[in-house]
Amino acid sequence: MTTNTNAPSPVASPASGAPPTRRELPPLMTLTDRAAKRLAELYASAHAGQLLRIAISTKGCSGHAYDMTFVNEAGPGDEVIKDHGLTLLVDRKATLFLIGSVMDYEVRQLESGFTFSNPNEKGRCGCGESFHV
């Protein structure tokens, strides 16, 4: 008889009656220091009392685009993300598109804004406005 040494050992045996311990899932999304700083500035000024909500819309040449809006409260379909002491929301329908994403804030010569490093993206359109998975 062969034994699989790579198989995970159970945390609690079924005979003990204790439910198995679940490992903590990685965060759905994280913020860079620059994104956290800019979001904190927005929360403290023009968008005081509001939360940033991130969704994915059907748009552009490649099919999907990031959609960010400020809302007064979380909706029933929103996932709550906490990072750097800040709270933001992700539309539940967008979670599969955003798993493992990092939101950054970039300042360029002619524009500035939030950007996403998304490991789920398979490609972007030529203008960079949309992506596909």
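Predicted model: local features only at pLDDT ≥ 70, side-chain atom pairs only at ≥ 80, totals over all residues.
Student: Which element of the protein chain has the highest confidence?
Tutor: The mean pLDDT of the protein chain is 79, with 71% of residues at 70 or more. Confidence is lowest in strand 9 (residues 131-132), where the mean is 48. The highest mean, 96, belongs to helix 1.

Student: How many helices and strands are there in the protein chain?
Tutor: Helices (H or I, at least four residues) and strands (E, at least two) are DSSP runs, numbered from the N terminus. In order, the elements run β-α-β-β-β-β-α-β-β-β-β. The count is 2 helices and 9 strands.

Student: What share of the 133 residues counts as buried?
Tutor: A residue is buried at under 20% relative accessible area, exposed at over 50% and partly exposed in between (1.4 Å probe, protein chains only). By this cut-off, the buried share of the protein chain is 30%.

Student: Is Asp104 buried or exposed?
Tutor: Asp104 lies in strand 6 (residues 101-107). Beyond four places in sequence, Asp104 touches Thr32, Arg34, Ala35, Gly113, Phe114 and Thr115. Its relative accessible area is 11%, so Asp104 counts as buried.

Student: What distance separates the side chains of Asp104 and Thr32 in their polar contact?
Tutor: A polar contact is a pair of N or O atoms within 3.5 Å; within protein, one must be able to donate a hydrogen and the other to accept it, and residues adjacent in sequence count only if both atoms are side-chain atoms. For the side chains of Asp104 and Thr32, the distance is 2.6 Å.

Student: Why is the pair of Tyr66 and Phe116 stacked?
Tutor: Rings of Phe, Tyr and Trp (its six-membered ring) pair if their centres lie within 6.5 Å; planes under 30 degrees apart count as stacked, over 60 as edge-to-face and the rest as tilted. The whole structure has 3 aromatic pairs. The centres of Tyr66 and Phe116 are 4.1 Å apart, and the pair is stacked because the angle between the planes is 15 degrees.

Student: How many residues apart in sequence are the parts that Tyr66 and Phe116 tie together?
Tutor: Both Tyr66 and Phe116 are buried. Tyr66 lies in strand 3 (residues 63-71) and Phe116 in strand 7, so the pair ties together parts whose separation in residues is 50.

Student: What is the angle between the planes of Tyr105 and Phe114?
Tutor: Tyr105 and Phe114 are both buried. They form an edge-to-face aromatic pair, 5.2 Å centre to centre, with an angle between the planes of 65 degrees.

Student: Which residue other than glycine has a positive phi near 55 degrees?
Tutor: Most residues other than glycine have a negative phi. The residue asked for is in the loop between strand 4 (78-83) and strand 5, and it is partly exposed, with a relative accessible area of 41%. It is His84.

Student: What separates the C-alpha atoms of His47 and Asn72?
Tutor: His47 is in the loop between helix 1 and strand 2. At 22% relative accessibility, His47 is partly exposed, and beyond four places in sequence it touches Leu42 and Phe70. His47 and Asn72 are 25 residues apart along the chain, and their C-alpha separation is 9.2 Å.

Terms used
Residues numbered from 1 in each chain as written. Heavy atoms only, no water. Contact = heavy atoms within 4.5 Å. pLDDT = per-residue confidence, 0-100.
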